[in-house]
Amino acid sequence: MALDTVAVAATTPENEQPWRELGLKEDEYQSIREILGRRPTSSELAMYSVMWSEHCSYKSSKIHLKQFGEKAVKSDALLVGIGENAGVVDIGQGYAVTFKIESHNHPSFVEPYQGAATGVGGIVRDILTMGARPIAVMDPLRFGPADAPDTKRVLPGIVAGVGGYGNCLGLPNIGGEVVFDETYAGNPLVNALCVGVMKHSDIKLATAHGTGNLVVLFGAKTGGDGIGGVSVLASETFASGKAAKRPAVQVGDPFAEKVLIECSLEIFAEDLVVGIQDLGGAGLSCATSELASGGSGGMDIQLEKVPLRDPSLSPEEILMSESQERMCAIVEPAKLARFMKICKKWDVTATVIGEVTAGDRLHITWNGELIVDVPPRTVAHDGPVYNRPMARPAYLDSLSPVSLPAIESAEEIKAAVLKLVAAPNIADKSWVTDQYDRYVRGDTVLSQPEDSGMIRIDDHTHLGVAISTDANARWSYLDPYEGVKLALLESCRNIAVSGAKPLAITNCLNFGSPEDPGVMWQFAETVRGLADIALELGLPVTGGNVSFYNQTGSVAILPTPVIGVLGVIQDVRTRTKMGFTKAGLELFQVGNTDDNFSGSEWAYLHGAMGDTAPRADVDHATRLVNFLLEGQPLFDSAHDLSNGGLAASLTESTLKNNVGATIELPAQFIPGGVSAALFSETPGRVLIAVEPENSGKFQALAESHGLQLHAIGKTGGTDLVINDATIALDELRAAHTQTFHKLFG
Amino acid sequence: MATIIVDVMLKPEILDPQGQAVAAALPRLGFTFATSIRQGKRFEITVAGEPTAAQLAEVEEAAEKLLSNPVIETFVVRVEK
Amino acid sequence: MRIGVVTFPGSLDDSSALRAITLAGGEAVPLFHASDDLKEVQAVVLPGGFSYGDYLRCGAISRFAPIMSSIIVAAEHGFPVLGICNGFQILTESHLLPGALIRNQDLHFICTDQPVTVENVNTPWTNGYAKGQRIVIPIKNGEGSFQASAETLAELEGEGRIVLRYADKNPNGSQNNIAGISNARGNVVGVMPHPEQAIEDLTGPSEDGLTFFTSILQSLVAR
C-alpha cells in the first residue's frame, strides 16, 4: 500500500477514511479537516483518534475538572499542579513528593494479569517522569460479587499482576482496597497509585525547549502492543453478552522498567535532560505532541529511526503502539554522549529520533516523506471539549429507607459479628496482600492492614509520608456531592490516625458512560463536591485520573470516585498503629454514632442500600484531625471506624496482636441500640486505646477540641466480649481469615 | 537456515506445581483426557545452513551450562526438519 | 571491616543489605556486576531481587557476571559469601551451593513474617546466634522451594549444613523445611528469608536479622 503522505492527502480530499472505526465522531473528524485545511493523512488520523479519545483528551470531563484549579486555595506546598504528569508537593527539608492514582479498568477485564501489571507500570512511569524515584505503590481494587465465576477469573490474575509487576520493580505495596459489589461484575476497577520522592531541584517537566535539542526515545523497543487500545477500549462499553472487541492489551516487562528507572535516575542526577515524557496511553503520538506542546511547538521526528521489535509495523501502527517501558527525552547535543553512555551501562536501548525546531508544527517523516504535519497543541491539549447533558437521575426519587432486624441478645450479637467479619468486604485480605512485597527498600513503616501506608523518607531526620486511598460508591450513589466529601474526610482521618498531617489530594474518578445524562450528573456533582471540600480544607488537588465508560450495556457502575490523600509526619518513630498492644488499656470511641445504615456493609448484607448518605461535617472533621495529631503521644493505638463500623475495627484491633477486649455498649443511650453501635458507619469516629495514666489528659484534650468521647471498655483477655456476648479470639480469627481461602484457594 | 530445538523438562522426581495446576484446570473445561501433565521449556535456536555435528555438540554444552539446570532438569536436543 | 554488596541489573534488596551492614558497624561497599573488582572487601553479600527479571531461571544469567568469577575464586579460598533470596539462587546456579530453588508449591508469591530456627551457628554469618534459636524474619519470594537429590539432602543433614529451617509452617514446599544452607567449608551461606529487612522494629517484624551482620563483623575481627 502506498504511503499516505501529506502531499497525497492534500490532493485526495475525497478519500474515505476509517475515522469511525478508530473511535472518532463525525464532527470530530470534520474538526480535524478544518484544523489542517485538508484531509488528515492516515498517520495524522491515527494520532488524532488516540489523542482525542476520552481516556487521553478528557473531553467529557475537562470543563468540570477546571474547578480544581479555579477553586484551589493558594498553596505554597504545591510545586507542580494539575496538568503535568503528576502533581508535586513540598514536604519540607528540601524534599518534594509526587503521587497520583490511575486506572486500568478495561484492559484488566480483558486480560487480568497484564492489564493490572501494565497499570502499575504506567503509573510508576508517570512518577518517574516527574524526576522522582518511585518509592511505593497502592492498589484500590473493585470486583463483582466474591463468589461469582467471573470474579474467580479476574481477581487472582489482577492480584498476581499487581504483585508480579510491583514486586519486580522493587516497590513496596503499602495499602489499597479490595471491594466486592454487583455493580462491578463485568467492570472490575483496577486503580493503581504510585508515590515518588525527590529533591526540589530534581523536578522535571514535559517540555521541549531549545531549537536543535534532540528528541531521544529510550527504553524497550516498539512492537504491536495495544494498538488502538486507548481509543478502542476505554471509549467502548462492553456490550452485554457479546464478546469484547479484539483485545488490544499491552504486555509488560517489569525488569525492563526496573533498569529504565535506574538508568533514568542516573540521567536526571547528571542533569542531562531539558524535558521528559513517558509513553503511556497513545504512545509516541502522545509523547511527541505533549513534549512539542510544552515547548514552542516545533519538532521534527524521523519515524523510521524508532527501534522496532516487529519490523512489519506500519507508520500508523508505530504511532499508535502502546509498547510499555518507553520514555522520550529532550537532550542538548552536548549532553547526548553522556546520556547514551548511561543507557549503555544499563543496557537500555536509546535512539535519537528527531529534534526541536524553530517553528510551531510537529513534522513526522517516514524515510524522508512527510506523513504528519500538525500543530501539536491541537493534538495534545486543544482537543474537543464537550459539555455533555446532565440530568439528576430518577432513581434518587425511589430510594427506600433501610429497615434492619434489631440485635439485642448475646447470641444475636455474636452471630451478627461473626457474620460481618466473614463477609468478603470486611474479611481479612492477607490472601491478596501477602502476594505483595511490603518490605523492599526497607523504609516501610506502616502497611496493610493499618489505616494508612507510611514510608520513611529520611533515615536521619525520620521524616515520612503517609497515604490512604478511600471511596464509598454507595454513598456516592445516594448523594454524589456528599459521597466524595465523605471519602476525602475518611482519607484525612486515616492519615491523621497514624500521625501524619494531610497535605495534598489525588483522585481516580471511575464512572459509567458520559453519554448517559444521569452518569454525567453524578460526575459533575462529584467534581463539584471534591473541589468545594478541597477549598474548604485548604488542600490542593494535585492531579488525578478519569475513567469513563465503566458499564455493561446500559447499566453503569455505582459512581466510584477514589480519593487519595498524602500527609507528612515529622518523625515516623512516633506513628500510631491500630492493634491493641496489651491488657489494661482504656478504650474510647471518639465521635457520636447515629442509626443511619444507608450505604453500610450491614445494610448490604441484608440486601438493602438505604436512601440518605450522611452529610460531610467539615468542622467536626477538622477538629478531629487536629485532636488526632495533637493527641498522638497519648494514644497507645488508634483505628479509624469505617466499613463495618465498630465491630470491624474491634475485630481488627484485637486480632492484630491477639489481645482481647471487653466492651460495654449501653444500648439505651445510642440511637438504634446495639445494632447501630456495632454496625453503623457514621463518619468521623475513631477507636483509641489509652494507658490509664494518660486517660485524664486524653479526655481533657478531646474536650478542648469539642469532641464527644465514649468510654466503651478495656483491653485484655483472649476473647472479644461485647455486653453479654463472648467471642473467643480464635473463633473470631477463624471467621475473619477463612473467607478468601474458601473463595480463591 | 535451520532450527535446533532444545526441550527442557523438570526431572521426574521434582515436584511440578505448574503442571499440576494445569492438570487440575483442564477438567473444569470439560477435558478429561489427561492422567498427568508436566510443564517444560522449549528453545528454538536458529543457525545458518545445516547444523554440523560440532554445532550440535556446542548446543548440547550450552544446554548443559545455561539453558537447563542439571540439578533439577533434563534436556533433549533435536533438529527440526 | 569492608563488606561488599553486589548490584545486578534487577537487584532490589541491595540497599537494605548496605544499610544492615552499616547499622551493624561495618563499612558497606557497593559492587557492580559488570566489574570483576572486589574492591578489597572482606566478605560479600549477594542481595535479593529479580536479577535479569528472573529470565530463564532465577539467577541463571547473573551467575555469569564478571563479579561472580572473582567471587567464585575467592569463595574457594574461604572468602565469606552470603546469598539472600535471589542471591541464594545465584549461588546454587553457580554451584557454590548444592540443590536448586524452584517455584513455590502453591504457585503464589508470598510475603510474610516467617519463624525459622538457626540450626548451624558455625558459619561466620550465624555464629552470633544460639544453636536452635528461633527468629522471625521476612520471606518474600515466588521461587523459594529448595530441592535437592536424596544424596545431597543426606549430606547436608549429616554434616549439619542446614543453616535455617522453617518453623511452624513450610511456606513453599522446600524439602526438609530447608530455608538456608552452607557449603562444606561453611564460608558460603545461602538463605531464602531476608535478615537484612529485620534490623529495626520500625520497619521489620523484629531485629532478629541484624545478627547475621554483626556475626560477620565479629568473625572478620577475629581473623
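**Chains and their arrangement**

Analyst: No contact joins chain A and chain B, whose closest C-alpha atoms lie 12 Å apart; two residues are in contact if their C-beta atoms, placed from the backbone, lie within 7 Å. This is a predicted model, in which local features need pLDDT of at least 70 and side-chain atom pairs count only at pLDDT 80 or more, while totals for chains, interfaces and linings use all residues. Residues are numbered from 1 along each chain as its sequence is written, and chains are lettered from A and ligands numbered from 1 in the order in which they are written.

User: Between which chains are the most contacts found, among the two pairs that touch?

Analyst: On chain C, 11 residues are in contact with nine residues of chain B. Towards chain A, 23 residues of chain C are in contact with 25 residues of chain A. Of the two pairs that touch, the most contacts are between chains A and C.

User: Which elements of chain C each supply at least two residues of the side that touches chain A?

Analyst: By class, this side of chain C has nine nonpolar, 11 polar and three charged residues (Ala, Val, Leu, Ile, Met, Phe, Trp, Tyr, Cys and Pro count as nonpolar, Asp, Glu, Lys and Arg as charged, and the others, Gly among them, as polar). Helices (H or I, at least four residues) and strands (E, at least two) are DSSP runs, numbered from the N terminus. The elements that each supply at least two residues are helix H1 (14-24), strand S6 (110-118) and strand S7 (133-141) of chain C.

User: Why is one side of S14 and of S18 in chain A left without a neighbour in the sheet?

Analyst: Six strands of chain A form an open sheet of mixed pairing in the order S14-S15-S16-S21-S17-S18, where two strands pair if DSSP finds at least two bridges between them. Strand S14 (444-446) and S18 of chain A stand at the edges, so one side of each lacks a neighbour because each has a single partner strand.

User: Which residues of helix H5 in chain A are buried?

Analyst: A residue is buried if 20 or more other C-beta atoms lie within 10 Å of its own, exposed if 12 or fewer, and partly exposed in between, with C-beta atoms placed from the backbone. What covers the buried residues of H5(A) includes helix H19 (517-537) and strand S18 (541-547) of chain A. In helix H5 (residues 62-70) of chain A, the buried residues are A:His64, A:Leu65 and A:Phe68.
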